[in-house]
Amino acid sequence: MEFWGVLISGVLVSWWVLSVNGANLPPCQFPAIYNFGDSNSDTGGISAAFEPIRAPYGVPYFHKPSGRDSDGRLIIDFIAERLKLPYLHAYLNSLGANFRHGANFATGGSTIRRPNETIYEYGISPFGLDMQIIQFEQFKARATEMYNQAKDPSEKDKLPRPEDFSKALYTFDIGQNDLSVGFRKLSFDQLRASIPDIINQLASAVHHLYEQRGRSFWIHNTGPIGCLPVNFFYILNPEPGYVDQYGCVKKQNEMAMEFNRQLKDRVIKLRTELPEASITLVDVYTAKIAMIGNAKNLGMADPLKPCCGYHVNYDHVWCGNKAIINKTEVFGASCKNPSMFVSWDGVHYTQAANQYVADRTLNGSLSDPAILITQACHKQ
């Protein structure tokens, strides 16, 4: 067993690199991944449904826009690589999609709770988690029917095998937008009071998938939302007590930690409610805050400064957009070296940051139970 840790603001954050619980378990042969989430794991859904995400998004790695809110790969892409599966096509992408090895129902701006505002107001997706589950149920029913009716093998090759739904890995990365909406619309006390309902709706989604024969679940908690650089676009000199030791919005991170505490408690109950399920809760919060707190020692730029976009004092041009500032057209361009940055555009992480988090979560060292993602079919 190898010990790994980093020093963050004088505090040692450490974890064990497996051998842990899963040392003697055989690897699972996941034939597919079905993902549910927001922009942290959207591989083209919101681009297919609305206006495509434009360059320079995707260009540094994919050499063209890829439907991802990043310069390159997301954590879900690293999950697919680790499981030796192709990158997931978005369910909403009607052209060129192959769903043999799964589908991605995540869309940028999605919430766990059903939204009550349009995407044109604050970017909240109409495809909340309940709608993503409905889409999955329809997808499963139609894909099974089409597979069974197909006469040409080439038709079947793009469809999931009906027996694979019970063997697939079901992944979740959602909840951040529920908090961001709450910060905008509610007091902190009101938002805290709403967390149990948000968590229960996530648990309800897991129940629905279990009823559809889903058995292996990989659930991310939410990250340190108070560390997103967008929080400081219009607050250049925060008051004392506004930020924590990492320079992040203290109350927002405290709310994220409360969300994660309640999520952990609910997952424990889910394991008793769904006796045949293997449910792994993944602590991406700790991985992200470790990266942010240790960015300088990792050779990375200020984690509270985005790579892409024009942000000078109170003048802001979002990544990929144009605007007139002081009678001059300004383009929100990418920095020269995105791999040195934590934040891509002020809201979303770079590929380098996503890889850092993936490297420290897929090995099980920040998971409950402590199990490799390749062994996540085994009930602990």
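These legends accompany close-up views of a predicted model.

**View 1. The largest pocket and its centre.** Here we look into a pocket with a volume of about 1,400 Å³. Its lining is made up of 35 residues, and those nearest the centre are Y122, G123, W318, V347 and H348.

**View 2. What lines the largest pocket.** Two elements, α4 (119-122) and α7 (176-185), each give two or more residues to the lining of the largest pocket. Helix α7 provides the largest share, with five residues. Sorted by class, the lining of the largest pocket holds 18 nonpolar, eleven polar and six charged residues.

**View 3. The second largest pocket.** This pocket has a volume of about 400 Å³. Around the second largest pocket sit 15 lining residues, with F99, F139, R142, M146 and L159 nearest its centre. Helix α5 (residues 129-149) supplies six residues, the largest share of this lining. The classes here are eight nonpolar, four polar and three charged residues.

View 4. Is S367 buried or exposed? S367 counts as buried because its relative accessibility is 11%, and the cut-off for buried is under 20%. Leaving aside residues up to four places away in sequence, S367 touches W218, T280, L281, V282 and T361.

Notes:
Residues numbered from 1 in each chain as written. Predicted model: local features only at pLDDT ≥ 70, side-chain atom pairs only at ≥ 80, totals over all residues. Heavy atoms only, no water. 1 Å grid on protein atoms, 1.4 Å probe; cavity = no way out; pocket = protein on both sides within 12 Å on 5 of 7 lines; lining within 4 Å. Points joined across faces, edges and corners; volume = space filled by probe spheres on them. Helix = DSSP H or I, 4+ residues; strand = E, 2+ residues; numbered from the N terminus. Nonpolar A, V, L, I, M, F, W, Y, C, P; charged D, E, K, R; others polar. Buried < 20%, exposed > 50% of the residue type's maximum accessible area, 1.4 Å probe, protein only. Contact = heavy atoms within 4.5 Å.
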